[in-house]
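Welcome! Please open the model in your viewer, and we will walk through it one selection at a time.

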Amino acid sequence: MKKVLIALSGGVDSSVAAGIITKEYEALGATMKLYCSNDNDILDAEKICNKIGIPFYLLDFEDDFKNTVIADFISTYKNGGTPNPCIVCNKILKFGKLLETAEKLECELIATGHYANVEYKNGRYCIKKAADLSKDQSYVLYSLTQEQLSKVIFPLGSMTKNDARALADELDFDNSHKKESQDICFVPDGDYFKFIEAYTGETFKEGCFKDKNGNILGRHKGIIKYTIGQRKGLGLALSQPMYVCEKNVDTNEVILCTNDELFEKEVSVSNFNWVSIANPDKKFKALAKIRYNMKEQPCTIIPISNEQIKIIFDEPQRAITKGQSAVVYDGDYVIGGGIID
């Protein structure tokens with residue numbers, strides 16, 4: 001019987017994944033102690049392990065989290081981008097450090113509560129969307145390598161959220177109706193500007209709001225406080241609605257434009273990870289999305305190098321944002337993804 005290390009967050013999804021895995025495999029449970037970890041969540045994870053009768057491990061990855069996820073988060077904002085820390089966490093911790101730990105514990109596989117599927121076809125491991133498209137998390141998993149995908153199980157891939165809660169009730173889990181976390185775990189109040197100033201001890205200087213013609217429209221309160229497409233919270237009284245379209249770190253300027261001017265067709269993407277196919281040598285048609293909560297849009301993919309592509313959308317897309325991820329699909333399958341630059 002194969003041995004599996006199950007990643008437990010204390011929430012219902014990973015708990016149900018553990019309940020499923022223990023029926024088919026020899027299982028161990030593990031919770032990662034991170035900078036943002038909640039003691040109650042750790043306790044809930046341990047309770048689940050005790051309930052289903054598997055060993056529980058608490059893994060201290062707090063320093064790793066600070067040095068990678070939080071460091072990237074702050075660096076991206078300071079360089080004019082808008083980061084997605086969950087993708088970095090998946091790449092480095094959940095499917096990096098956790099797999100290293102699994103090997104030390106002599107586990108062949110790891111399992112998580114992500115809503116996604118892994119399939120092997122045409123000689124490659126592929127990420128496929130979850131059956132429950134409203135919960136699908138394939139977008140945040142694009143960075144997984146072929147080796148990592150060969151060792152990952154997603155037990156919830158064929159289930160709906162309601163199915164998961166029903167199974168948690170059936171298994172008599174205390175957390176079966178626990179509320180889901182929606183925010184960035186280390187910025188629970190959503191005020192990332194306040195978090196960055198407190199964490200780094202830095203203050204970010206005021207500067208000018210300008211329009212595309214270089215006209216000064218007012219003063220901003222620190223360049224990292226704004227993101228592409230933002231309208232609310234600018235603190236300006238203008239003759240028409242204006243939105244953030246660019247942040248110039250070198251001059252400490254935030255550029256504003258009209259809504260129509262936010263739309264663009266071309267996206268340059270770096271650090272691209274090819275998943276369902278190897279790096280192609282010619283352009284091809286596909287679907288892509290430039291943020292988590294959007295529907296994939298028809299486009300042409302132009303490979304530039306092994307880790308860089310250009311996406312040309314059939315129709316202009318609103319507020320393409322540096323630092324976010326662009327993920328390319330072939331139907332339900334993830335072709336690959338990378339960082340918008």
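Before selecting anything, a word on exposure: a residue is buried under 20% relative accessible area, exposed over 50%, and partly exposed in between, using a 1.4 Å probe and protein chains only. This is a predicted model, in which local features need pLDDT of at least 70 and side-chain atom pairs count only at pLDDT 80 or more, while totals for chains, interfaces and linings use all residues. Residues are numbered from 1 along each chain as its sequence is written, and side-chain values use heavy atoms, leaving out hydrogens and water.

**Stop 1: the cysteines**

Select Cys36 and Cys185. They form a disulfide (a pair of cysteine sulfur atoms within 2.5 Å), with their sulfurs 2.3 Å apart. The structure holds one such link. Turn the view to look along the S-S bond: the angle about it is -60°, which makes the link left-handed. Cys36 sits in the loop between strand 2 (26-33) and helix 2 (39-52), and Cys185 in the loop between helix 6 (161-170) and helix 7 (192-200), so the pair ties together parts that are 149 residues apart in sequence. Helices (H or I, at least four residues) and strands (E, at least two) are DSSP runs numbered from the N terminus. Cys185 is partly exposed, at 39% relative accessible area.

Cys299, by contrast, is buried at 0%.

**Stop 2: the nonpolar cores**

In soluble globular proteins, nonpolar side chains tend to be buried together. A nonpolar core here is a set of buried Ala, Val, Leu, Ile, Met, Phe, Trp, Tyr and Cys residues joined through side-chain atoms within 4.5 Å. Select Phe73 and Ile196, the residues with the most contacts inside the largest core, which has 61 residues. Helix 4 (85-104) is among the elements that give two or more residues to this core, and helix 4 gives the most, with eight. Zoom in on Phe73: its contacts (heavy atoms within 4.5 Å) include Pro83, Ile184, Tyr192 and Ile196. Then select Val269, Ile290, Ile311 and Phe313, which belong to a second, separate core of 19 residues.

**Stop 3: Asp191**

Finish at Asp191, in the loop between helix 6 and helix 7. Asp191 is partly exposed, at 32%. What does its side chain reach at 3.0 Å? The backbone nitrogen of Lys194. Select Lys225 as well: Asp191 and Lys225 are 34 residues apart in sequence and 9.2 Å apart in space, C-alpha to C-alpha.

Note on methods
Polar contact = N/O pair within 3.5 Å; in protein donor to acceptor, adjacent residues only side chain to side chain. Lists of a residue's contacts leave out its neighbours within four places in sequence.
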